[in-house]
Amino acid sequence: MMNNTPPRPARRAELLAAAAATVTVVLWASAFVSIRSAGEAYSPGALALGRLLAGALTLGVICLLRREGWPPRSAWRGIAISGLLWFGVYMVALNWGEQQVDAGTAALVVNTGPILIALLGARFLGDPMPPRLLAGMAVSFAGAVTVGLSMSGEGGSSVLGVVLCLLAAVTYAAGVVAQKPALGTASPLQVTTFGCLVGAVVCLPFAGQLVQEAAKAPASATLNMVYLGVFPTALAFTTWAYALSRTTASRMGATTYAAPALVVLMSWLFLGEVPGLLTLVGGVLCLAGVAVSRSRAGGAPGAVAEPRPERTSDSAR
């Protein structure tokens with residue numbers, strides 16, 4: 001009788017990658033609360049630049065302490081593209097777009113991102129698209145839209161807002177797919193640090209706004225902006241890169257569908273927004289979809305990531 005239990009080093013790698021993905025999703029969900037606070041005092045571009053500067057400073061210090069060198073030349077293309085699209089354009093477009101549309105529209109448009117990641121990953125990275133992954137993403141997408149619709153207020157949606165949210169979804173997906181090959185030759189910390197620096201450079205045109213608004217903003221808004229840079233950016237993007245280096249882009253994208261459920265919980269705990277029945281149902285659907293997309297074909301729970309001794313293989317999941 002064959003023993004299908006993974007060897008101890010492989011199992012440890014799976015657990016570390018799963019922990020990294022969990023940290024990422026929790027911190028990205030927590031960003032919802034901070035963005036709502038900081039967004040009252042900072043414009044979209046200034047908030048993105050302040051967040052990226054705080055993140056780049058944090059990551060730069062860590063790189064110096066760890067004596068991380070420059071990424072190899074082969075990784076720079078992916079770092080530059082992901083930095084431009086995901087760290088730069090995405091953050092500005094998302095901040096701006098969510099001010100123009102209601103929560104339901106934002107959920108519908110922005111949460112197409114993981115679906116686009118799966119499609120782009122299959123096209124450019126050769127990622128497989130097993131039925132369980134597709135089914136799980138469909139369930140999670142339905143849950144994310146349900147959460148968004150249930151939390152919508154009376155605000156309307158503008159064409160500009162929809163376009164901005166769509167731009168955020170597309171640049172997020174393209175940035176993730178571009179980042180994946182760079183992780184084959186550079187470390188997760190290198191990819192995140194220099195991607196964040198590229199994003200900060202892209203957002204430098206908003207420097208004047210940042211200086212003016214920082215002088216008038218309350219301390220709580222500025223502290224929330226710094227929090228966004230240190231934790232949901234510096235830490236969460238690094239743990240994301242670590243997990244992404246050990247699994248496919250499409251599966252990592254599907255994992256982020258747990259974020260809407262966590263946003264509901266954090267809004268309840270920190271903002272006093274008691275969720276309704278429809279919101280709770282949507283949150284459960286998000287988590288159920290992630291569970292399906294992470295499961296193995298044989299019925300056993302699948303790890304969030306897999307060890308990658310040479311080339312990442314999706315079949316071990």
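## A walk through an all-helix chain

The chain's secondary structure comes to 13 helices and zero strands. Helices here are DSSP runs of H or I with at least four residues, strands are E runs of at least two, and numbering starts at the N terminus. The model is predicted, so local features need pLDDT of at least 70 and side-chain atom pairs count only at pLDDT 80 or more, while totals for chains, interfaces and linings use all residues. Residues are numbered from 1 along each chain as its sequence is written, and side-chain values use heavy atoms, with hydrogens and water left out.

Start with the whole chain. Of its 317 residues, 51% are buried. Buried means under 20% relative accessible area, exposed means over 50%, and partly exposed lies in between (1.4 Å probe, protein chains only).

Next, the interior. In soluble globular proteins, nonpolar side chains tend to be buried together. The largest nonpolar core in this model has 57 residues. Such a core is a set of buried Ala, Val, Leu, Ile, Met, Phe, Trp, Tyr and Cys residues joined through side-chain atoms within 4.5 Å. Y42, W86, V176 and W240 have the most contacts inside the core. At least two core residues come from each of α1, α2 (44–66), α3 (73–97), α4 (103–110), α7 (159–182), α8 (188–202), α10 (219–244) and α11 (249–255). The largest share, 10 residues, comes from α10. Another core lies apart from this one; it has 18 residues, including V25, V33, L133 and V145.

Not counting residues up to four places away in sequence, Y42 touches L47, L210, E213, A214, A217, A221, T222 and M225.

Now the helix packing. Two packed helices are described by the angle between their axes and the distance between the axes. Axes are lines fitted to C-alpha atoms, for helices over the stretch in contact, and angles run from 0 to 180 degrees between N-to-C directions. The axes of α2 and α3 come within 8 Å and cross at roughly 135°. That makes α2 oblique to α3. Angles under 35 degrees count as roughly parallel, over 145 as roughly antiparallel, 65 to 115 as roughly perpendicular, and the rest as oblique. The crossing of α2 and α3 is right-handed. On the α2 side, the contact is made by P44, G45, L47, A48, R51 and L52; α3 brings F87, M91, V92, N95 and W96.

Turn to α8 and α10. Their axes also come within 8 Å, crossing at roughly 135°. α8 and α10 are therefore oblique to each other. From α8, P188, L189, T192 and C196 make the contact; from α10, T233, A234, F237, T238, A241 and Y242 do.

S34 sits in helix α1 (residues 8–38). Why does S34 count as buried? Because its relative accessibility is 5%. Leaving aside neighbours within four places in sequence, S34 is in contact with N224, Y227 and L228. The side chains of S34 and N224 make a polar contact of 3.0 Å. A polar contact is a pair of N or O atoms within 3.5 Å; within protein, one must be able to donate a hydrogen and the other to accept it, and residues adjacent in sequence count only if both atoms are side-chain atoms.

T185 lies in the loop between α7 and α8. T185 is partly exposed, with a relative accessible area of 45%. Its side chain joins that of S74 in a polar contact of 3.2 Å. The C-alpha atoms of T185 and A75 are separated by 6.2 Å, though the two residues are 110 apart along the chain.

Note on methods: Contact means heavy atoms within 4.5 Å. A crossing is left-handed if the near helix is turned anticlockwise from the far one by less than a right angle, and right-handed if clockwise.
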